[in-house]
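Hi,

Here is the structure I promised to pass on. My notes on it follow below.

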Amino acid sequence: MDLALYRLETARQCIVSAKALIEISDYKGAANRSYYAVFHCMRSVLALRCIDFSKHSAVAAYFRKEYVKTGIFDAAMSDIISEAFDIRSDSDYNDYFVLSKKEVEEQVSDSQYFYEKAEAYVLKQIEDSRKKRASDAGMTQETADVQPDRNS
């Protein structure tokens with residue numbers, strides 16, 4: 001759970017960086033950061049199942065298969081992944097790739113949308129898990145919230 005939250009925070013920081021890079025007209029840098037925001041969001045969701053991959057394409061493929069095709073996330077999420085990856089690849093590896101301010105602002109907006117959806121999902125999964133643990137232990141949620149830390 002901590003890893004999922006850490007990755008969400010990393011994604012949030014990438015969005016903040018992307019917005020700052022737009023302000024200094026570094027559109028390629030902003031595209032890179034907005035792609036990584038989406039990537040870290042996907043990895044945050046996967047962390048809930050203790051799943052990770054070394055290749056970006058494997059992360060995206062698994063996310064699409066397990067979360068988009070099953071309806072957990074809407075199909076627009078898959079489009080955002082593709083667009084962000086393509087623009088990031090072009091801006092990082094194509095010397096003559098030109099990205100307009102409007103295009104990168106749209107990408108950052110899409111990454112913000114992706115982040116908000118991923119964050120809501122991760123936080124709900126964590127809360128549901130907490131409630132289940134409390135229920136399994138025979139506690140009410142209020143009791144679970146005030147239990148002392150036995151590791152102290």
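In H5 of this predicted model, the buried residues are Val104, Gln107, Val108, Ser111, Phe114, Tyr115, Ala118, Tyr121, Val122, Ile126 and Ala134. H5 covers residues 101-136, 36 residues in total. At 1.5 Å a residue, the helix should span 52 Å. After H5 comes Gly138, with a positive phi near 75°.

Next, the packing of H4 and H5. Their axes come within 10 Å and cross at roughly 135°. An angle over 145 degrees would count as roughly antiparallel, and 65 to 115 as roughly perpendicular. H4 is therefore oblique to H5. The crossing of H4 past H5 is left-handed. On the H4 side, the contact is made by Met77, Ile80, Ile81, Ala84 and Ile87. H5 contributes Gln107, Asp110, Tyr113, Phe114 and Lys117. Of these, Gln107 and Phe114 are also among the buried residues of H5.

Is Arg88 buried or exposed? Its relative accessibility is 7%, under the 20% cut-off, so Arg88 counts as buried. Leaving out residues up to four places away in sequence, Arg88 touches Ala31, Asn32, Tyr35, Tyr36, His56 and Tyr93.

Last, confidence. The chain averages a pLDDT of 91, and 91% of the residues score at least 70. Helix H1 (residues 2-23) has the highest confidence, at a mean of 98. Helix H6 (residues 141-145) has the lowest, at 53.

Best wishes

How values were computed
Residues are numbered from 1 along each chain as its sequence is written. This is a predicted model: local features need pLDDT of at least 70, side-chain atom pairs count only at pLDDT 80 or more; totals for chains, interfaces and linings use all residues. Side-chain values use heavy atoms; hydrogens and water are left out. Helices (H or I, at least four residues) and strands (E, at least two) are DSSP runs, numbered from the N terminus. The expected span of a helix is 1.5 Å times one less than its number of residues. Buried means under 20% relative accessible area, exposed over 50%, partly exposed in between (1.4 Å probe, protein chains only). Contact means heavy atoms within 4.5 Å. pLDDT is the predictor's confidence in each residue, from 0 to 100. Axes are lines fitted to C-alpha atoms, for helices over the stretch in contact, and angles run from 0 to 180 degrees between N-to-C directions. Angles under 35 degrees count as roughly parallel, over 145 as roughly antiparallel, 65 to 115 as roughly perpendicular and the rest as oblique. A crossing is left-handed if the near helix is turned anticlockwise from the far one by less than a right angle, and right-handed if clockwise.
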